[in-house]
Amino acid sequence: QGAHRLTRVNYFAAANARNTAIALARHSYIAFVDDLSVAAPTWLESVNEAASSNRIVCGSYQKVKKLVVSNGVVSSFERYFEGEDPRRLRHSDPVQRQCPPDWFYGCSCGAPIEAMLTINGYPEMCDGMGYEDSETGKTLFRAGYRTWFAPLMKTFESEEAHHEEPPFLRPDPGVSPNDKSHAMLANCRNAR
């Protein structure tokens, strides 16, 4: 992506962007929030709780419509039922609890830098396609780390803003099951 990209156009490349942040981090813990999102007032407190326990944390999200933000705080929105975080249905109380590794979504997550370096960061083979987040959670699990779900580490994400500009390309070349996504899944299956 950007002025120094090697491709003709911009492609979705979250793994590369997140790995750059990990490489440049000045502290021992890092947390991520997706674009088009606003952190709930309880988000930072939840990150601090996870960081003080040195745990890998999976925050929650709520995709909404007509999101209005005033001075960095959500003042109103319209519920969008297709945008509800399904993990919250299985774990609705506010306590951080262990969760399956594929609950590690990039929209709101945090981890010790050392854990991310141990697994060599996000799998950049996912660039141009996506799925780097849940594959990272599974890789962390195979390397001996555990993930924790934090419902109060919540972000509100604007659904309409996804359609305001042309999206980055996310092709999956090939024909299933002989396509890039299946090759990536096979390649990541035993990654540590």
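Two strands are said to pair if DSSP finds at least two bridges between them. Strands (E, at least two residues) and helices (H or I, at least four residues) are DSSP runs, numbered from the N terminus. The model is predicted, so local features need pLDDT of at least 70 and side-chain atom pairs count only at pLDDT 80 or more, while totals for chains, interfaces and linings use all residues. Residues are numbered from 1 along each chain as its sequence is written, and side-chain values use heavy atoms, with hydrogens and water left out.

Start with strand S7, residues 147-158. Strand S2 (residues 37-39) pairs with S7 in the antiparallel sense, over 3 bridges; here Ala39 lies opposite Thr155. Strand S5 (residues 97-99) is also antiparallel to S7 and joined to S7 by 3 bridges, with Gln98 having Trp148 as its bridge partner. Strand S3 (residues 56-70) runs parallel to S7, and 9 bridges join the two. In this pairing, Val57 stands opposite Trp148.

A residue is buried at under 20% relative accessible area, exposed at over 50%, and partly exposed in between (1.4 Å probe, protein chains only). Of the 12 residues of S7, 10 are buried, so the strand is largely enclosed by the rest of the structure.

Now turn to helix H6, residues 180-188, whose buried residues are Ser181, Met184 and Cys188. Seen down the helix axis, these residues fall within an arc of 60°, so they line one face of H6. The arc is that of the directions from the helix axis to the C-beta atoms. The buried residues of H6 pack against helix H5 (132-142) and strand S9 (178-179), where contact means heavy atoms within 4.5 Å.
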